[in-house]
Amino acid sequence: MVSSITGPSLLSYYQGQTALSMLSGSASGSSTAAAATSSALLSYLTGKEGIASAASTSANVKVPTAPWSSTVAKPSVSSAVQNAVNGAAFVDPSSAKLDAPAGVNTSDYQDLFALYQGLNTLNDIAQTAAAAGTSSASSSLSSISSAQLQSTFVSGMNQVQNFLSNAPFNAFNLTSGKVNTTVQSTVGIPNGAYQTYTTGIIGTGQEELPLKALQGNVQFTISVANKYATTTITKPDGTTTSTTQPPTTVNIDLSGMGSKARTIDNVVNYINTQLSTANVSTRFSIANLGNATVTSTVGGQTTTTKGDPQWGFSIKGSSAESVSFSAPSTAAAVYVSMGTGGAPTYTSSTSTTSSTSSSSSSTTPTGEQMMKLQTGNNVVGTAPTPISNAGNTTGLPVGGVFAKTLPDGVDSVQASATASDGSVYLLADVSGSLNNASVAGTQGVALLKYDAAGKLLYTKQLAGLQTASGYSLAVNTDGSVAVAGTNTTNSTTTANGVTTAGTTSAFVQVFDSTGAPSWSQTIPATAGGAAASGVVFGADGSVYVSGATTGMVGNQIMHGASDEFIQGFTKAGVATFTTQFGSSGDNTSAGMAYDSATNALYTLGTENGKAVVRSFSLNGTHKPTPVATRTLGSATGLVGIAVTNGQVVVGGNVSTATINAATVAKPYTGVGDGFIATLSTNLTAQASDTVTYLGKSGATQTATALSVAGGQAYLTGTIANDPSSLAAIGATEGFVTGVDTSSGAVSYSSTFAGANGQAVPTAVSVSSTGTSVLDQLGLPQGALNPASSGLLTAATAIKAGDSFYLRTTPGGPQTKITITAKDTLATLATKLTTAMHGSGTATVVAVGSTSQLSITPNNTTDFIELDPQQASSGLSYTAQSNGSGTNVLSALGLPSGVIRTVATVNNLTDVKQLREYGLNLPTNLNLNTATDAQHASNAIQAAMYAVKQAYQDLVNPPTMASEQAAAAKSSGGSVPTYLTNQIANYSAGLARLTAGQTSTSSSASSGGILSLFR
């Protein structure tokens, strides 16, 4: 570029020559000659340097004025947004106004301007959503709901995507995604490789000193199974017999170390000696987990220094061995999922017990955690020593084992359940992105699996959702998992004016123990919506879903304004029955429980403001028989129902003592109390029925979730305005209370404050044998690194039948790539390589225990384009984000867009290669919050800038000289010597030309100037 040339620029010579010409002659002929000279020189110099004005090409041909020009009238934001909401097309080339003269090829300009106008409208919508509810909000758009804005925004994004999928440009190619030379997916797919397991911090101190966590009665068992231990022999008659070598059991008892100090080194050596003696390959090693930090404040100055080193274990084994841990002494563990954190807002309040004033704080949770608590219930063997591992328990309540921060993208945990192997499942509402994969729609649902030590094993987005919430989670004895929730699709209006009404439907999805999907079903309602509240497994693997509906599920009859329902499915996912029930008024559903002893279902809901429990006898695939109904009394909220030890357990909230039970084990005491009620399974009033109110004097206690195991019921929730607050007065704290279901007596209680005094528990689950000395050692119960499926449908939100598209020439035919139920990264790589027909190669790249996909062009002439949807003609489009399918590229962490190698000449971009531009529009933009809307606006404005760049290059196509000048500018250097010499020659020529002489004619002057450059 001109600015990169040292010394006088070529353009300055043009400017000087023009001035000299204007000064040197007063006659019209002289001025005409000067103008001709100036025009010729400008044409040549700008051509040599790749420079042109915004209004003309190097040939001085007028080009259309861009829509962003200050001279172009622009529609108001209000009219643009209103028209879009009413179904006007976002990208309509026929509406683009051009002012170029006849004969100029304007097709690229017309399409480019139409694209810019579409992006501008999207930006207007995003800005409108960002300003909603503020003083800068447009009053003329106040009638448009946030849902309408979101739906219109999604429609516009899809129109832009589809428009570009058809490659409408001739002089260049523009994609909605990125332009890359190679791509690699960011979502890891399990590959079965053995992964070294590293614990959390188990102790702090100098390496040569004994660690507190290793003292006392430390006994546990390491079980090592050979993955190839089963041998199958085929007999001569064709029958087969199989024998399986049992696992090798290695009992670890640190008392066997005798008087040797229990330092981390000595303990690791002792364990490895036992493993070596047992002839197994698995070994322990020391994990140095960095140094602790020590913060101190002296004289108002806070300093942070490096403290003692922190230690843990690393366990590495053979790919042929499966390792698991157990302990002889156990007790119940409670897992609480909660929102925590936030910036506190302090207010002044006066104490009720004194005249002094104090400050209180309230916060809105900004993070999500899962906390593990050790209880004294359900003790097996000797009660485990209270956790004393300071490395894991800093800031936790008494009995706190750990508090793990959940991944970014998790908004709230709606349900939790434990498995027989000690693992913990969380069902969470998510948004944005999770595990590097974009969340489809406004809000999605994810299943997270942790081991008993708090290590995240996998995150799995559920497939085919738009704006969804998860409500219930169940784990079967074989490790399979069922989840239920509700999916809402917003009404949409296409560019052709066709409107599709939104729907609200329940859903259920089932996965096997490795996370691979087994089946999925949607539960719609006729003339209304359906929402799930509970899911359970039956004894034969059947699945039952409960919920509420404002319509008719399974062609049932409405009883009230809203009803409860149960729908059954076989183990294979075939719907077997639907039953709908309730009073003649409003009915809600709060969950369901299954009693394996009697093969019966129990539902909990409200009917006309009263808490009601119903029981049903299952009849195989036929509709269940209603057996009994019991009304408990008024309740302000219900949180769950369960069955344990021959009793039905119900949890919820009341504002007065209204629950009908024979025995009040603990009276109502607070401003609002949570409660646990135990009932007989026949639902008739019994003397053994109990109700336990869980309130605190002067405080409002609100239950949010219930979990039951081993004859103990645990209720979690919040306490507000507690006079004995752990944090500031007025802060919202969390609680967990355990109740013995046989007596109603409180058996466990814990209160805790989160970061900044804010803790809002939303889910709880319990394992009767979940705590042991293994917690002190940072080791999980059950299998170490349990097997996870490598199927794409198991590790991602992709479901069988989802697809994306690939093309190998700009605007050429697309090849549809469809994901099957059996596809892995390896099979997908094969499909892609075949579809690219020699233009590129897809390979699988190992990244530890996971794998990713890499795609690279084979040659500089090769072109590859990935598109999440099929290109369609006209203004129609396929909306991948409307719940019809998963964006496969996003689920894999692959960018949409172009993959190509940039051709070069002398290390400069070859201008003969078709130019590529990427709008780099993320696929997960949304308007959920003002922050999300502003983020979307920023991304769209960046895309608009890319459109402007394409326009500038269309007006003034780059030349090799301009590329060279730009390269010199970017490197901070000067142009090459040969260009500097040319500039010197031009300077000498101009000097001779203007040495006091006057032009005699326009033709002579023009010819003389041009002759200098021939």
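Asp689 is buried, and so is Arg630, where buried means under 20% relative accessible area, with a 1.4 Å probe and protein chains only. This is a predicted model, in which local features need pLDDT of at least 70 and side-chain atom pairs count only at pLDDT 80 or more, while totals for chains, interfaces and linings use all residues. Residues are numbered from 1 along each chain as its sequence is written, and side-chain values use heavy atoms, leaving out hydrogens and water.

The side chains of Asp689 and Arg630 meet in a salt bridge at 2.7 Å, N to O, the term standing for a side-chain nitrogen of Lys or Arg within 4 Å of a carboxyl oxygen of Asp or Glu. Asp689 lies in the loop between strand 42 (673-680) and strand 43 (690-694) and Arg630 in strand 38 (residues 622-634), so the pair ties together parts that are 59 residues apart in sequence; strands here are DSSP runs of E of at least two residues, and helices runs of H or I of at least four, numbered from the N terminus.

## Other salt bridges

By this rule the count comes to eight salt bridges. One of them joins Asp775 to Lys372, with the closest N and O atoms 2.7 Å apart; Asp775 belongs to helix 8 (residues 773-776) and Lys372 to strand 17 (residues 367-374), 403 residues apart, and both Asp775 and Lys372 are buried.

Arg807 and Glu865 also meet through their side chains in a salt bridge (2.9 Å, N to O). Arg807 counts as buried at 5% relative accessibility, and Glu865 is buried with a relative accessible area of 4%.

Note on methods. Buried < 20%, exposed > 50% of the residue type's maximum accessible area, 1.4 Å probe, protein only.
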